[in-house]
Each structure stands twice: as C-alpha cells, then as structure tokens.
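Biologist: I have a file open and a few questions. Can we go through it together?

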Amino acid sequence: MIMHGFLQMAHDSWLGQVTREYAPIFTTGLVIHFIGLCLLLGAMLVIDLRLLGVGKQTPIKAVLALLPVAITGFAMNLATGIVFFCFDPFGYWQNPAFRIKMTLVLIAGLNALWFTFAEHRRLAAAPPGHSAPIAARICAGLSLFLWFSVILFGRLIVAFQGSPDLFK
Amino acid sequence: MGFLDWLEELPLSQWVAQSEVGYPMMLSIHSIGMAAVVGLLLMFDLRVLGLARGVPVSFFRKVMPFAWAGFFLNLVSGVLLFNSTAHRLVDNWPFLSKMVCILAAGAVTWLLWRAIGSVEEAGGGASADAQTAIVASPVVKALALASIILWLAAITFGRLIAYVMDYMILNAK
C-alpha cells in the first residue's frame, strides 16, 4: 500500500507528466544515460584493471583520480533514470529486469562504499609497482562483474516490456 | 537488393530476428562492448586533455586489449543485428551517420596513437618529461577532443536508429 502510494506519487509528479507529454525528453534522456554509462564503466575499467594487476608500474593513486569521472557518469544516469521511472513507475516496478538491475546497482554501490572506507586510503598511499591486497582485488573484480551485469539487465528491461512472458 | 535478401535469409539472421532471445541478446552484447571500447577510449582522451595526469600514457597501451575486445564484441553483434534487419537499416540515416562517425573516430584514434608513438620513439618516451611533452601538443589535444565528439555522436545516432526504423522487431510480433 505504501509502495502503491509512492508509485502513484511518482506517476502524478510534474516530472512524470512532462515526460509523458513530450516524447523527446525520454529519447534525449536515453542518449545521456548511454553516455553516462560509458563514463562510469570506462573509469571503473581503468581503476579496477589496475587493482587487478594490469600496469603495475602505475601508482594506484593515479588511477583513482578518475573516480570523479565515474561519479559524474553515475550522477548522469541517476538523474535520467529518475526521469524514466516517473514516465511509467508501475511498469518499471513490475518489470523483473528492472528489479534485478536496481538490486545490482545497490550491491555495486555498497561494494564501492566498502572500497572507499576500507581500502581507498591505504591504496592511495601505496608506491608504484605495488600489488593490491586480495580484498581490494576481489572488490575490483566484483565491481566490473556487477556494473556489466547492470548494463545487461538494463537492456533486458525493454525486452520484458516487449513481451512480459519472455523468460518465465 | 538481392544481397540484402540473402543476408536476411541466413539462418543466424533469422534467429536474431525471430527468436525471443536473439535480438535482446545481441543488443545486450552491443551495449556491453560499447561500454568497454567507448569507455576506455574516452578515458584515454580525457587523460590526453589533462585529467588524471599521474597515469602514464603507456598505461593505456596495457588496457587497449580490453578496448579491442569490446570493439570485437560490437563488430560481431553489430553485423548480426545488421543482417537481421538489413533492408530497414541500409537507408536509415542515423545508422549511416553512426557508421561514418565510427570510421572517423577510428581514424582519429589511430592518428592520436601514431602521434604519441612518434614522440615516444624520438625521445625515449618512458620518461615523465617525454610523456608530458607528448600530451601537451595542441595537435594531440585536438585529436583527443575530436575523438570524444565523434564517439558521443556515434552513441547519439545509434540511439536514434530504432526511432527512425519503421518498427522494432520485438513490437512486430
């Protein structure tokens, strides 16, 4: 009941109304969403590949300078994602691909937070040639797996809209 | 139009066009490949333009195989997507614009690496000074900026393909 109220609120919001009325908003939002995902994944690939052992002569601190790019990409996708959601909140909420995608984003976010608080400072101080500890490597591998899975399930949202019984 | 008919009638094209999983699977692979190739090339361009200066240009040589892997995924999934809808793509203006942008972006990236490679050979490119000199060149910076614009244009045109097509395959059923 609380969920229904929230979905109704999102549906009736100014953002929802305007997005349903002017089709170019959704189209433009998707272009931004795709550019944002390239920024997020590009930065995460550079950072996580270094943590996994590619190009060890590069200080870990140097690749961490790309974190603001990842955050920018994420912010672009969060903002456009809210626009898409308000377009059809009930449709998204019922879509299994959307639910899996949001769960994966949440886990990827927690993984990134854990990395920031547990590993970031120690790794930023590491000299060139330094290998990341096993915990940071697992974190990096998980990060790449999760973000690429987010893309996969994001793409499948449309497939489930097209035919709801697709993978049942 | 005989060749396009032949492409669309290939068993693999039929599978992509008509099976429940073929089309979404190809689109998913295409997005994952895009994230790898465009994502990494954008990071390289941003580095050349002055972001994350502590990362040596040589580091990007080591991650380029992952960009190539993404490109290969997109070449294969892109060809299969094209074959399954050849007639509707061959005169689709966003599709043709996307192809031009990708060819141009590829050429610009090649020129960018070539410019960097020639400086590296001339003066022992591994040193920090040489690396700074490489990316300080206005020509190299202009190439990086052109690369960013062309990749973003390719993504934009790619998004518009479906809107200009008569109808989406999934909705046709």
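Modeller: In this predicted model, the axes of helix 2 (residues 11–18) of chain B and helix 4 (residues 57–84) of chain B come within 8 Å and cross at roughly 85°. Axes are lines fitted to C-alpha atoms, for helices over the stretch in contact, with angles from 0 to 180 degrees between N-to-C directions. Helices are DSSP runs of H or I, at least four residues, and strands are runs of E, at least two, numbered from the N terminus.

Biologist: How do helix 2 and helix 4 of chain B lie to each other?

Modeller: Roughly perpendicular, therefore; that term covers 65 to 115 degrees.

Biologist: Which residues meet there?

Modeller: Leu12(B), Ser13(B), Val16(B) and Ala17(B) of helix 2 meet Leu80(B), Leu81(B), Asn83(B) and Ser84(B) of helix 4. Contact means C-beta atoms, placed from the backbone, within 7 Å.

Biologist: New topic. How many residues of chain A are in contact with chain B?

Modeller: 33 residues of chain A, and they contact 30 residues of chain B. Helix 3 of chain A gives the largest share of its side, 14 residues.

Biologist: How many helices and strands are in chain A?

Modeller: Chain A has 8 helices and 0 strands. Its C-alpha atoms fill a box of roughly 55 × 30 × 30 Å, along the principal axes.

Note on methods. Residues numbered from 1 in each chain as written. Chains lettered and ligands numbered in written order. Predicted model: local features only at pLDDT ≥ 70, side-chain atom pairs only at ≥ 80, totals over all residues. Contact = placed C-beta atoms within 7 Å. Parallel < 35°, antiparallel > 145°, perpendicular 65-115°, else oblique.
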